[in-house]
Amino acid sequence: MTGRLDGKVAMITGAASGIGRRTAERFIAEGARVLLTDIQDGKGEEVARSLGSNAAYRHADVTREEDIAAAVAEAGRRFGPLDILLSNAGIRGQGAAPIEQLDMAAWDRAMNVLLRSVVYGAKHAAAVMKPRRSGSIVNLASAAGLVAGATPHDYSTAKGAVVHFTKGLALELGEFGIRANAVCPGYTITPMVLEGLGIGAQAIEAEPQKVDAAFASVHPIPRVGRVEDIADVIVFLASDEARFVNGQAVGVDGGLSAGAHWSGHRAKMGAIRTALAADGT
Ligand code: NAD
């Protein structure tokens, strides 16, 4: 299907790579005009060029409010007032050190990139959307924002806060016809995840089945997430098809955040039964 975003103006942060990049491609294919922003200027410009005249690139560091304000203004000048904001830019958690060794400067950096950025985006997008009484804000959270323990504290705390902030935003802005939703991916193959695992992209492209097998025990649907999986849901939330969807944190994680693994949990219960039977209790 195409044309689901016909006539819409969108801005995406962190659009040079991974989920942001794939979503920019999908937005353009669906008829939107898109301002891509990032701090990787070479890559961002290249992606925008490849997408044609309905795409443009601008440098915007999401930790700087003035950059976000200027990007929203540029989207307006180039393409018209913003209909869609995707706050997507992100970095990995800043380390899995035990709590007593937490590096607070790294903590602050993670909060700035992962959380403060989303607040800046909403603040400046809402200023444009409110007078027009329409708009869709999509914030990239994570399955790590729904269930704790899988990532460092800074990452899961920031993503949990993005989920909660998005709900508050939806309640406030819904009264003005503006929707706000969060998307919560599971492990998705992007440069961020590859870097965390210390694996090269070529290895993944050469043997995708091997990657799925390696991730089989992580998600209840036994494969790794792909950027298309996430971008498809973002397109839906951004579009008018989701006109009554507001304040939701949508897991796109193969069921990871739904609860305990079915067969894994049963295996554990079996082991408990065996251990207690062996004790005669
Ligand atoms: P990615 O590394 O491919 O893309 C992230 C982009 O954000 C990069 O282009 C990077 O340059 C940009 N960025 C980083 N710091 C920035 C800053 N200060 N200002 C502007 N741009 C900045 O990673 P991705 O996996 O596509 O991540 C996109 C989003 O999805 C992130 O918010 C991430 O936390 C979230 N997410 C990813 C996964 C996953 O498994 N890949 C899972 C859950 C959530």
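Author: Welcome! In sorting residues, Ala, Val, Leu, Ile, Met, Phe, Trp, Tyr, Cys and Pro count as nonpolar, Asp, Glu, Lys and Arg as charged, and the others, Gly among them, as polar. The model here is predicted: local features need pLDDT of at least 70 and side-chain atom pairs pLDDT 80 or more, while totals for chains, interfaces and linings use all residues. Residues are numbered from 1 along each chain as its sequence is written, and side-chain values use heavy atoms, with hydrogens and water left out.

Reader: Thanks! How many residues surround the ligand, and which are the closest?

Author: A residue is near a molecule if one of its heavy atoms lies within 4 Å of it. Here 28 residues surround the ligand, with S17, D38, Y155, T188 and T190 the closest. This shell holds 15 nonpolar, ten polar and three charged residues.

Reader: Which helices supply at least two residues of that shell each?

Author: Helices (H or I, at least four residues) and strands (E, at least two) are DSSP runs, numbered from the N terminus. α1 (18–29), α5 (153–174) and α6 (191–197) each give at least two shell residues, and α6 has the largest share, three residues. The whole protein has ten helices and seven strands.

Reader: Why does the radius of gyration agree with a compact globule?

Author: The radius is taken over C-alpha atoms, and the globule rule is 2.2 Å times the number of residues to the power 0.38. For 281 residues a compact globule would come near 19 Å, so the protein's 20 Å agrees. Along the principal axes, the C-alpha atoms fill a box of roughly 75 × 45 × 45 Å.

Reader: Where is R133?

Author: R133 sits in the loop between α4 (104–132) and β5 (135–140). Its phi is near 55°, a positive value in a residue other than glycine.
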